[in-house]
Amino acid sequence: MEKLPRYSECFICGRDNPAGTDITFIRTEEGVACEYLAAPKHNGYRGIIHGGIISALLDECVGWAVSLRAGRMCVTGELTIRFRKSLPVSTKVTVKGFCDPEQKTRRLFRGYGHIEDEAGTVYAKAEGRFFPMSEEAQKPVFECLKMADAPEKAVTPADIWGEDCRK
Ligand SMILES: CCCCCCCC/C=C\CCCCCCCC(=O)SCCNC(=O)CCNC(=O)[C@H](O)C(C)(C)COP(=O)(O)OP(=O)(O)OC[C@H]1O[C@@H](n2cnc3c(N)ncnc32)[C@H](O)[C@@H]1OP(=O)(O)O
């Protein structure tokens, strides 16, 4: 399992965003995943994590999974979240994201994901549609993407997609 790069300013994965969740995503055999320890600074109601935080975690995790498949960084076009169970503060959960293997077009990618705890309880599920950026539009993204274990080290598209890198 390989750590994915982090984007310095991002609310979810940015090192330089103190308001955020300070997440590192990993590439798994099936897609993308991350660990999240539910923190009181992300509360909505007392002791319960805000649905917007849950949505943002799922958005980025599923977004990474489809971006890996698309060969380009994507933007979210549509995201549907089902909040099945309140997520209490201090719960340790795993967020998992997948790309739908049946892609009919390279313009739009479908993905899905969920948040579960160690016992397998599912707190939320997501599905969405994601759009690959043009090569030109994704260039500035790479100015802020840094290696997870070496924040001074820049990342290139080939570091992420290797041979599958889209021209
Ligand atoms: C997600 C990736 C994350 C990867 C992980 C990165 C980690 C580290 C890297 C970096 C960190 C920072 C980044 C994190 C980011 C997190 C994710 C976000 O928050 S992204 C920001 C929020 N999203 C936007 O800003 C998009 C705004 N919308 C647009 O740009 C356009 O609307 C776009 C590209 C989605 C579509 O525009 P058109 O011009 O290509 O398409 P048209 O002509 O409008 O529509 C044509 C057809 O396409 C479908 N379509 C278009 N838009 C759709 C939509 N929103 N949902 C569903 N289908 C849509 C429909 O079938 C539509 O046909 P009909 O209009 O219905 O007849």
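**Strands, ligand and cysteines**

Modeller: β7 and β8 make a hairpin with four residues between them, and Gly120 in the turn has a positive phi of about 90°. Helices (H or I, at least four residues) and strands (E, at least two) are DSSP runs, numbered from the N terminus. Before we go on, this is a predicted model: local features need pLDDT of at least 70, side-chain atom pairs count only at pLDDT 80 or more, and totals for chains, interfaces and linings use all residues. Residues are numbered from 1 along each chain as its sequence is written, and side-chain values use heavy atoms, with hydrogens and water left out.

Colleague: How many bridges pair β7 with β8?

Modeller: Eight, with β7 (residues 109-117) and β8 antiparallel. Two strands count as paired if DSSP finds at least two bridges between them. Tyr112 stands opposite Glu127 in β8.

Colleague: And how many bridges join β5 to β8?

Modeller: Nine, and that pair also runs antiparallel. One place to look is Arg82, whose bridge partner in β8 is Lys125.

Colleague: What's the strand order in the open sheet of three strands?

Modeller: The order is β2-β9-β10, with antiparallel pairing. β2 (6-7) and β10 (150-154) are at the edges with a single partner strand each, so one side of each has no neighbour in the sheet. β2 and β9 (residues 145-147) are joined by two bridges, and Arg6 has Lys146 in β9 as its bridge partner.

Colleague: Switching to the ligand. Which residues are closest to it?

Modeller: Trp64, Cys74, Thr76, Gly77 and Arg107 are the closest of the 19 residues that surround the ligand.

Colleague: Which polar atoms lie by the ligand's oxygen atoms?

Modeller: A polar side-chain atom of Arg107 is 2.5 Å from a ligand oxygen, and one from Asp59 is 3.5 Å from a ligand oxygen.

Colleague: How much of the ligand's accessible area does the protein cover?

Modeller: The protein covers 50% of the 1300 Å² that the ligand has on its own. Those areas come from the Shrake-Rupley method with a 1.4 Å probe; for residues, only the protein chains shown count as cover. The elements giving two or more residues to the shell around the ligand are α1 (51-70), β5 (74-83) and β8 (122-132).

Colleague: Is Cys144 buried or exposed?

Modeller: Cys144 is buried, with a relative accessible area of 15%. Buried means under 20%, exposed over 50%, and partly exposed in between (1.4 Å probe, protein chains only). Cys13 is buried as well, at 3%.

Colleague: Last one, where is Glu9?

Modeller: Glu9 is in the loop between β2 and β3 (26-27), and it counts as exposed at 53% relative accessibility.

Methods. A residue is near a molecule or strand if one of its heavy atoms lies within 4 Å of it. A polar contact is a pair of N or O atoms within 3.5 Å; within protein, one must be able to donate a hydrogen and the other to accept it, and residues adjacent in sequence count only if both atoms are side-chain atoms.
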